[in-house]
Amino acid sequence: MCEKCIDLDKKIERYKGMRSRITDQIALDGMDQLIAELMAKKAQLHPEEKE
């Protein structure tokens, strides 16, 4: 895994952790969007890999 993917994974995990402590639906929706964007960036870095 490359350095950028490691950084993206850390951000994803941080948002997932924050998500588990928040009950506001608008904030949860925003975090879901951020997580999806980070996962898309990660997929763009290595299109040959499928998870």
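**View 1. Two salt bridges in a predicted model.** The structure holds two salt bridges, a salt bridge being a side-chain nitrogen of Lys or Arg within 4 Å of a carboxyl oxygen of Asp or Glu. This is a predicted model, in which local features need pLDDT of at least 70 and side-chain atom pairs count only at pLDDT 80 or more, while totals for chains, interfaces and linings use all residues. Residues are numbered from 1 along each chain as its sequence is written, and side-chain values use heavy atoms, with hydrogens and water left out.

**View 2. The salt bridge of Lys 42 with Asp 9.** Here the closest N and O atoms are 2.6 Å apart. Lys 42 belongs to helix H2 and Asp 9 to helix H1, so this pair ties together parts 33 residues apart in sequence. Helices are DSSP runs (H or I, at least four residues), numbered from the N terminus. Lys 42 counts as buried at 14% relative accessibility, whereas Asp 9, at 23%, counts as partly exposed. Buried means under 20% relative accessible area, exposed over 50%, and partly exposed in between (1.4 Å probe, protein chains only).

**View 3. The salt bridge of Asp 32 with Arg 19.** The closest N and O atoms of this pair are 2.5 Å apart. With Asp 32 in helix H2 and Arg 19 in helix H1, the pair ties together parts that are 13 residues apart in sequence. Asp 32 is partly exposed at 32%, and Arg 19 is partly exposed at 30%.

**View 4. The buried residues of H2.** They are Leu 28, Met 31, Ile 35, Leu 38 and Lys 42. The face of H2 turned away from its buried side carries the exposed residues Ile 26 and Gln 44.

Conventions: Helix = DSSP H or I, 4+ residues; strand = E, 2+ residues; numbered from the N terminus.
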